[in-house]
Amino acid sequence: MFSSFFSTAPPTDPQAPNFHSVSSKLKPTELFGELKPKDTELLCTTSGFVTETQIFYITTPDGKSIMCQLIHSSVGLWYPTIQFTCKIYDSKTQRLTWKSIHVTNFTSAPPGLDRRSCKADEFSFTYKSKSDSDYPESYTVQANPAPDVQIFLEVTRPASVSGWKVGSGDEGGYSQFGPDPSHPEGYVVHRFWPLIKASGHVVLSGQATPVEGQGMFVHAIQGMRPNLVAASWNFGNFQSSELGGVSAIQMEFTTIDAYGMKGAGSGGVTVNVGSLVVGNKLVAVTAETKYPGETNNADAPVKSRVAHLSPVLDAETGYQKPCELLFEWAGPSLLADRPGVYKASIKADVGDVAQPKGLIEKVDVLAEIPKVLKMAVNYVAGTKPYIYQWMNPAKLAINEPGSDAPVEANGYMYIEATFIS
């Protein structure tokens with residue numbers, strides 16, 4: 001399966017679809033796929049072009065953000081590149097700590113553990129399960145990426161908030177590239193824990209700070225060169241302790257022109273997946289696939305969208321940077337006692353170029369990725385991928401089934417907007 005990552009053989013019909021979205025064949029009631037143990041096992045393949053990541057995002061009630069990430073990159077001809085990155089940001093003081101290191105002596109499935117755990121000299125993710133518990137799954141995250149940075153976190157998944165992927169079974173979560181989805185040229189897959197509880201501490205320059213908060217966990221794999229997967233990405237992570245615990249997450253990518261409904265040249269397909277947690281319960285999984293030329297249907301029973309509003313040219317990056325971003329969710333209720341559709345929305349004000357609001361940083365992607373990966377990707381001259389990262393206080397408006405009046409939750413919204421081409 002997925003053996004032909006580098007295939008260039010044209011389809012029999014050049015107008016045949018050569019991209020198959022994760023949600024394109026699913027009914028609204030089929031979007032939720034519960035995670036199985038193997039879904040969060042590390043693949044850590046050494047063949048083909050595969051980039052795999054596991055990321056923990058933690059938000060504290062006073063506006064701090066802690067991100068811990070494993071990146072396992074295989075480029076086929078060289079030994080895999082394995083990185084640990086962390087970003088610690090205080091939205092009130094604007095203090096940012098960012099570390100990215102190549103790790104040594106990496107192993108998945110350390111002695112006595114399965115492939116949901118991994119360790120290296122510089123960090124470890126240790127998975128534990130405890131059935132029949134209010135928190136049946138957890139990770140211990142420990143890292144010492146630099147002499148002046150130490151991280152220790154216990155993150156747990158509440159039993160009432162299932163992990164999810166879009167669609168069930170072994171194919172759940174996958175968007176496939178190429179004319180034949182049974183033998184794709186590449187793929188993208190995402191699996192989520194949409195709400196986790198976190199406690200622990202971080203030590204920066206000898207000063208320890210306790211951490212208590214909530215967040216999310218994602219395990220994602222790209223089974224092809226990243227510059228062939230998408231022209232752009234959007235990501236939103238809203239967390240609030242109000243209403244008993246609220247989470248609204250969303251991931252979106254838009255394919256390059258080469259992959260679309262009518263073969264090469266018909267791309268620009270936008271794939272969006274997300275979920276809503278309200279009252280410490282997973283209430284909806286959302287997904288939408290939008291093809292070029294389609295108009296938005298405001299009355300659609302299921303939607304999951306990001307809109308860039310009031311874009312302005314950023315001379316530093318050369319991209320049209322949004323001044324606001326609108327995130328919308330709508331999907332069938334997963335609660336037996338609340339039938340109907342859950343809806344939610346956030347409009348995030350991130351300011352203009354001269355006066356940004358909540359801008360953490362603009363990441364020059366080519367300056368951050370490993371040299372060997374950069375060579376293999378072989379970006380065309382002039383391409384300059386950038387990631388905008390913001391974190392701001394935000395208000396999520398939630399429309400629950402059977403209620404005309406929205407309820408609101410105040411929290412913090414972490415946003416990424418990635419421009420590749």
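Tutor: Two strands pair if DSSP finds at least two bridges between them. Keep that rule at hand for this predicted model.

Student: What makes β26 and β27 a pair?

Tutor: The rule asks for at least two bridges. β26 and strand β27 (residues 407–419) have 13 bridges, in the antiparallel sense. They therefore count as paired. Within β27, Ala409 stands opposite Leu396.

Student: How do you know that β24 pairs with β26?

Tutor: Three bridges join strand β24 (residues 341–349) to β26. The threshold is at least two, so the two strands pair. They run antiparallel. Lys343 has Asn399 in β26 as its bridge partner.

Student: And what makes β25 a partner of β26?

Tutor: Five bridges link β26 to strand β25 (residues 359–364), again against a threshold of at least two. This pair is antiparallel. Val363 has Ile387 in β26 as its bridge partner.

Student: Why is β26 called mostly covered?

Tutor: Buried means under 20% relative accessible area. Ten of the 14 residues in β26 (residues 386–399) are buried, so the strand is mostly covered. For the protein, buried residues make up 57% of the 421 residues.

Note on methods: Residues numbered from 1 in each chain as written. Predicted model: local features only at pLDDT ≥ 70, side-chain atom pairs only at ≥ 80, totals over all residues. Heavy atoms only, no water. Buried < 20%, exposed > 50% of the residue type's maximum accessible area, 1.4 Å probe, protein only. Helix = DSSP H or I, 4+ residues; strand = E, 2+ residues; numbered from the N terminus.
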